[in-house]
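Try each task before you read its solution.

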Amino acid sequence: MLQAMQCQSCLPWGSWMQLHRSLPGSRGTRSVYLCAASVPGAAGSYFLRKILHASSVYLPRTQSRSSSLPSLNLAQLLCLTMGLLGMVSAWLADLLSVPSCALALALHSSLVWGNEGVSWGCVRYQGGSQERSVQPSASRHGLSQLRNVASSDAIKKHQKSLSAWFSHQPNEERQFGPSFSLDAVHVDPVIRESSLEEILKPSPDLTIQNQLQQPSSQVISLQNLFDVDAYGRQVKNVVLYGTVGTGKSTLIKKMVVDWCHGRLPRFELVIPFSCEDLSHSHAPISLRRLITKKYQHLRDVVPMLGTSNLKVLFILNGLERVNLDFRLAGTELCCDPNEPVPPSAIVVNLLRKYLLPEASIIVTTRPSAVRRIPGKYVGRYAEICGFSDTNLQKLYFQMRLSQPGCSGEDSAGSNSGEQENLVEMLSRNLERHNQIAAACFLPSYCWLVCTTLHFLYFTRTVPPSQTLTGIYTSFLRLNFSGEVLDSTDPTNISMMKYVAKMVGKLAYEGVMSRKTCFSEDDLQQCFEVEMKTESELNLLEVFRSDVFRFFLTPCVQPGKEHTFVFTIPAMQEYLAALYVVLGEKKTLAQRVGKELSEVIGKVSEDVAVVLSIISKVLPLRFLPVLFNLLKIFPRYFSRLSGKDRDAIAHTMAEELFKEEDYYNDDVLDQINSSILGVEGPMHHPDEAPDDEVFELFPIFMGGILSRRNRAILEQLGCSIKNLAAFEIAKAMKKTVIRNSRKGLPPSELMDYLFFLHEFQNERFTAEAIRSLRTVNLSSVKMTPLKCCVLASVMGTTCHEVEELNLTSCNLDTSSLRILFPVLLRCRTLHLQLNSLDSDACKEIRDLLLHDKCVVSNLRLANNPVGEQGAQYLAEALAGNHSLTHLSLLHTALGDRGTEVIAQHLAKNQHLQELNLGYNSLTDTAALHVVEVAKKHSTLDKVHLYFNDISEDGKRALHSLRADRDGVRALVFLTAGTDVSDYWSNILNVVQRNLPFWDRERVRQHLALILQDLESSRRQTANPWRKAKFLRVENEVKKMLGKLQHGTL
């Protein structure tokens, strides 16, 4: 029988028994093929003894030098020679970094026996000539069968499973916006070919690292990573490295998904492994068992590995999480996929090419771990440079923000224009504002920008999980979950804990000193001043290499080129808040006291128990008393630490209610400005123009204390105990709630409400809201998000609100729907100067007809109500039982709308005052309303000024008296007022705001006011009032003249 074994590069260990049975002396054996590329190194002698043992040649371990070797026949001598040649070739391969099989071929190609000698270093022992040799057609038939395996059902199932798993988006994708597949939204980052020399060269100073690495001509695509190198050698091992946030994991996901969909035809089988999973297991396991354990449907394919031409790609993601030892003394050699070894040994031998040498391997890692793999085992180094091209950033934003589901379910038509507007504004800001382009060089921050914009613009409801603090906390979890700064360090400190301690300190000091730019001295003082041990310095070096550029970037503003800023401005405030809440802001005495308290607390209890037992035998009863005294120190220190909680609450209140921030926009508008580049916050007149504001800092402090964010931070290694959160909240009641009662400007009140929403403490929020009887948010741009925040916070209680002022807040119909539960509980409701049309009036009708409505004073002035809106309001008047004052000043009612309201007034029994001024009413409509008002039981005042009423009509209406006629009609704006003081204020406001107002509309309104003044002067009989009217008329005429000549 002819026994043949085809060599692919080396003979697996598990095949030696089969080889032994086929050697001379075995029954029916005629020929054998033996691989010359044997395993070198520490296992070399073991390998040689297997050769000799298989050849029935035994060398004793303690053989004297004088003893002669036993006589060997030709086959035995040939086996021994090939084994020695294999060992030499492998040693030289390690030295010269070339494949061992290729070197073995060069060493013994002259020893190939016979016409049918086997190529690639295989020696053929020729026995009898009765048996036929292996025909090439059989080999081709076997290869065709193996190729069929690549398209088998097992691999198809594998592709389907991988596609489902790697297309799965994390919770943050579904939680903070619509979930997009990698096929729908993905932009490949720039990949630059690198070299070991470039990686190992000394790193520059901390502040000289260039964030924006401009790619050179060495840019390489993902599909070309395994092309031949510059010397024409085939690349088998690729190391793909990049700092945190550059998109390594996402790129690997996209690579696997592409293979599953047939877009990576180079490989017939892709097997991904997470190095984090491999690092958690140390039990020996074979490669085949490891694969089938993770991918059970590959159990029919795995036996083919190493014995076929199947093109396999292994993906090892996150190599920095596993410790590798490439020394022969540290990791045993293994070339058998069936041999159980530790998982780290499998990785090492795969990279050494002892295990499945024909397989391709791609490794992803951070820069600090690149040098863990010896350069001789790496065919190509490639660095992920992120979105270093601004066009890639624009493409990502275009794809992400223009998706159909981005703006919510009901946004098919109305919000598509808003999406396009956002993309356009963001693109323009990227072009003119290089700092945000420097931040978005990291794909992770592009995700954060899109998520924040989605939160700001497309939020229609606010579940508890959707907070700004939650976005930033989840963003950090996406990038730092399970990350250890250095897996080789015995402290095993989490990366996020280290960042909170080091970078958080820098951020906090910047907030306290109100600065955002940091010099080289600032960085060194923060990072290096407390470095005392070798371990601390090593951790700092890893941080500089892997994490520093994630948080800090070179400033691109003129004059500040040698300073650093936080990549995203809000991240500075988040890390500063985290630094404070974690209790890292401690003095030396507090740190020593905490450590001493923990030690004494642990020791004193154990010692006291032991001595209490001994004292029963020996007269040492005074010793337990002494150790009980030791317990006083931990209790005393816990009281001191309680004062730290008070200090955190005091810091939060002090930063939340800073008077110098009263003239700023609210924090949500500030975030919007920082992203889209619109007008920034207004500064206090006494402030320096370049002063920075940090109003998010206290809000993030409250958000971090919420239960959900504390749970996420716990996963990142930043533990905030429930007791600490409870004590801080308890201390906040004394400071935050007390300060909120002083009365806040509208923008600051919005910040306070947003703080309560971020805090996510319903009991605390309810107590804080009960103290707010008046809510003034006038001139705050009430976006859907702010409306949701107001509704969510006010919904924690059921108390009535005395007054809610939403004047000039950009409200529309959707805003009223969101605020409906809040509006029901408001007695006085200011909705003037908004965009409330007839559709909004329909919502107001439903509001006024609700059985729980308590609105008594409703102001709708300066809204485009129109005739249709008047119909809805008239229906509301007919059925409402709470409304006493209604203002419809300048709402475009006209005569028809006024007639409709007059028809329904008779059904209302509670209205006391109605304002219909500035609605283009004629004498007929005005007189009709007054006639209805005369018969009304409660209505005693009707405002009719600024209408198209004739002089005769004005005289008739002006003569009406409430005590005589049952109603008073105010046809002049100046009725019952001090003309001089009243109108001087009006004119001052007009002149101050004229640069921002439409001049033509101002001219029309001034002309109307002048007409009203002249009519009032003619109707009054008091000469002193006539003189006042005349003086004001002259001032209005001067202003009109300057407007017409363009000199004002």
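**Exercise 1. The sheet**

Solution. Strands here are DSSP E runs of at least two residues, helices are H or I runs of at least four, and both are numbered from the N terminus; two strands pair if DSSP finds at least two bridges between them. Within this pair, Ile-191 stands opposite Ile-384 in β8.

Before going on, a note on the source: this is a predicted model, in which local features need pLDDT of at least 70 and side-chain atom pairs count only at pLDDT 80 or more, while totals for chains, interfaces and linings use all residues. Residues are numbered from 1 along each chain as its sequence is written, and side-chain values use heavy atoms, with hydrogens and water left out.

Now look at the β5 end. Six bridges join β5 and β6 in the parallel sense, and Ile-271 has Phe-314 of β6 as its bridge partner. On from there, β6 and β7 (residues 360-365) run parallel with five bridges; here Ile-315 is partnered by Ile-362 in β7.

Finally, check the cover. Five of the six residues of β6 are buried, where buried means under 20% relative accessible area, exposed over 50% and partly exposed in between (1.4 Å probe, protein chains only). Contact means heavy atoms within 4.5 Å; axes are lines fitted to C-alpha atoms, for helices over the stretch in contact, and angles run from 0 to 180 degrees between N-to-C directions.

**Exercise 2. A buried leucine**

Task: Describe the surroundings of Leu-578.

Solution. First locate Leu-578 in helix α22 (residues 569-581). With a relative accessible area of 0%, Leu-578 is buried. Leaving out residues up to four places away in sequence, Leu-578 touches Met-496, Ala-500, Ile-704 and Leu-713. One of these, Ile-704, is a buried residue of α27. Nine of the nine residues of helix α27 (residues 696-704) are buried, so α27 is largely enclosed by the rest of the structure.

**Exercise 3. Two helices**

Task: Work out how α35 and α36 are arranged.

Solution. The axes of α35 (residues 866-879) and α36 (residues 894-905) come within 9 Å and cross at roughly 10°. The two helices are therefore roughly parallel to each other (under 35 degrees; over 145 is roughly antiparallel, 65 to 115 roughly perpendicular, the rest oblique). Among the residues in contact are Ala-870 and Ala-874 of α35 and Val-900 and Ile-901 of α36.

**Exercise 4. Aromatic rings**

Task: Which geometry does the pair of Phe-759 and Phe-764 have?

Solution. Rings of Phe, Tyr and Trp (its six-membered ring) pair if their centres lie within 6.5 Å; planes under 30 degrees apart are stacked, over 60 edge-to-face and the rest tilted. The structure holds 27 aromatic pairs. Phe-759 and Phe-764 are edge-to-face, at 5.2 Å centre to centre and 90° between the planes. Phe-759 is buried at 2% relative accessible area, and Phe-764 is buried at 2% as well.
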